Amino acid sequence: DQIQPAPFNQDPPYSATFRVMERNLQLPYTVQYNVALEKQLGANQILTVSYAGANASRLLRTEILRNRSALGEPVIPVINPALFAPTATVFLTRNASESAYNSLQAQFQRRMAGGLQVMASYTWAKAVDNMSDEATGGLPVDGIPGYNVMLDTEFAPANFDIRHVFTSAITWQAPHVRNHPLLRALTRGWAVDGILRVRTGFPVSVITQAVDPLNFGSNRRVDYLGGPNWADDSNVAGGRRLNPAAFRVPDRGRQGTLGRNALRGFGAGQLDVAARRDFLLTERLRFQFRGEFFNAFNSPNFGLPGSSFPSPMFGIATQMLGRSLGGGGTSGGLNPLYQVGGPRSIQLSLRLHF
């Protein structure tokens with residue numbers, strides 16, 4: 001009873017932090033649609049071409065509302081300025097975001113025939129929205145001229161937008177010699193598996209670290225000055241970095257001219273290969289020896305480049321792709337041990353089937 005929180009000030013002007021929702025907040029909703037055309041090619045192959053799309057409306061968006069009257073800025077009409085001190089902050093959640101996804105998907109399948117099984121798929125897609133994570137901060141809000149126009153300009157590639165993805169998987173059961181006992185014993189039961197993944201890069205937004213008096217902080221995007229977005233640099237990962245000369249810190253109190261998610265990071269590609277052999281012990285018991293080569297060619301794949309401008313590490317990828325996806329578990333993200341984008345690794349295993 002001796003540890004009591006500070007009493008809440010029940011008389012305006014309030015100076016605390018509040019989290020509120022708009023009065024008529026509604027549940028978001030999504031409309032999904034797709035159509036597919038499938039054609040059989042011979043006895044064992046199938047080709048499928050599909051269009052898949054989705055539109056989401058009334059998505060949640062959290063904005064920071066501040067009473068800027070003391071700073072000579074327009075007062076936000078959503079809240080009564082007489083109730084809040086200049087230092088008060090209100091986080092408002094409302095149905096202000098939308099998203100759309102459209103994709104053309106093609107898939108080729110070959111059933112196991114003649115010891116060969118294949119699946120290959122290609123997706124050409126576009127995902128756009130004006131908020132990818134349901135939260136934002138420091139952006140201009142209602143009462144600032146041009147806010148609605150700004151929301152329209154925020155409609156850009158989503159954080160997770162990948163335009164081109166190709167994936168292929170193959171299994172080949174090697175033939176064996178049948179009419180020679182020794183050669184049959186050496187060649188029987190072998191098989192090779194492979195998975196190839198290739199994709200283009202994720203979007204990147206360049207933001208500024210410079211903090212201005214209006215508390216826009218690092219949420220502001222930079223001005224775009226033109227010129228090449230990337231500069232060759234043999235001393236950094238991937239052999240290139242974002243060009244610092246193409247950007248500058250905007251004037252205080254406004255977003256920069258560079259669009260949201262206007263740039264693209266590194267693409268990715270790797271081949272995983274496995275060789276395996278089955279040893280039949282009895283009719284219901286067999287051993288399998290397997291050697292797996294993840295990223296067999298040790299292809300370098302890197303995470304997103306640093307997007308904070310200006311900083312010494314701006315525009316440089318500092319992590320391999322696998323580690324940039326997170327640590328997994330309580331650390332969040334995906335465990336790098338089980339993701340694409342790491343260095344070559346080899347795993348040997350024995351498995352008993354019964």
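This note goes through some local features of the structure, point by point.

1. The model is a predicted one, in which local features need pLDDT of at least 70 and side-chain atom pairs count only at pLDDT 80 or more, while totals for chains, interfaces and linings use all residues. Residues are numbered from 1 along each chain as its sequence is written, and side-chain values use heavy atoms, with hydrogens and water left out.

2. Backbone geometry comes before the side chains. Most peptide bonds are trans, and most residues other than glycine have a negative phi. The bond from Phe-309 to Pro-310, however, is cis, with omega near -10°. Pro-310 belongs to the loop between strand S18 (308–309) and helix H3 (321–324), where helices (H or I, at least four residues) and strands (E, at least two) are DSSP runs numbered from the N terminus.

3. A search of the whole structure finds seven aromatic pairs. Rings of Phe, Tyr and Trp (for Trp, its six-membered ring) pair if their centres lie within 6.5 Å, and planes under 30 degrees apart count as stacked, over 60 as edge-to-face and the rest as tilted. Phe-247 and Phe-314 form an edge-to-face pair, 5.9 Å centre to centre with 85° between the planes. Because Phe-247 lies in strand S14 and Phe-314 in the loop between S18 and H3, the pair ties together parts that are 67 residues apart in sequence.

4. Phe-314 also makes an edge-to-face pair with Phe-309, at 5.1 Å centre to centre and 75° between the planes. Phe-314 is buried with a relative accessible area of 1%, and Phe-309 is buried with 9%. Ring pairs link Tyr-224, Phe-247, Phe-309 and Phe-314 into a cluster.

5. A ring can also have a charge over it, which is counted if NZ of Lys or CZ of Arg is within 6 Å of the ring centre and within 35 degrees of the ring normal. The charged end of Arg-240 sits over the ring of Trp-230 in this way, 4.0 Å from its centre.

6. The structure holds ten salt bridges, each being a side-chain nitrogen of Lys or Arg within 4 Å of a carboxyl oxygen of Asp or Glu. One of them joins Asp-193 and Arg-276 at 2.7 Å, N to O, and this pair links distant parts of the chain, with Asp-193 in strand S8 (residues 190–199) and Arg-276 in strand S16 (residues 268–280), 83 residues apart. Both Asp-193 and Arg-276 are buried.

7. Asp-193 forms a salt bridge with Arg-290 as well, the closest N and O atoms being 3.2 Å apart, and here strand S8 is linked to strand S17 by residues 97 apart. Arg-290 in turn meets Glu-292 in a salt bridge of 2.9 Å, N to O, and both Arg-290 and Glu-292 are buried.

How values were computed:
Buried < 20%, exposed > 50% of the residue type's maximum accessible area, 1.4 Å probe, protein only.
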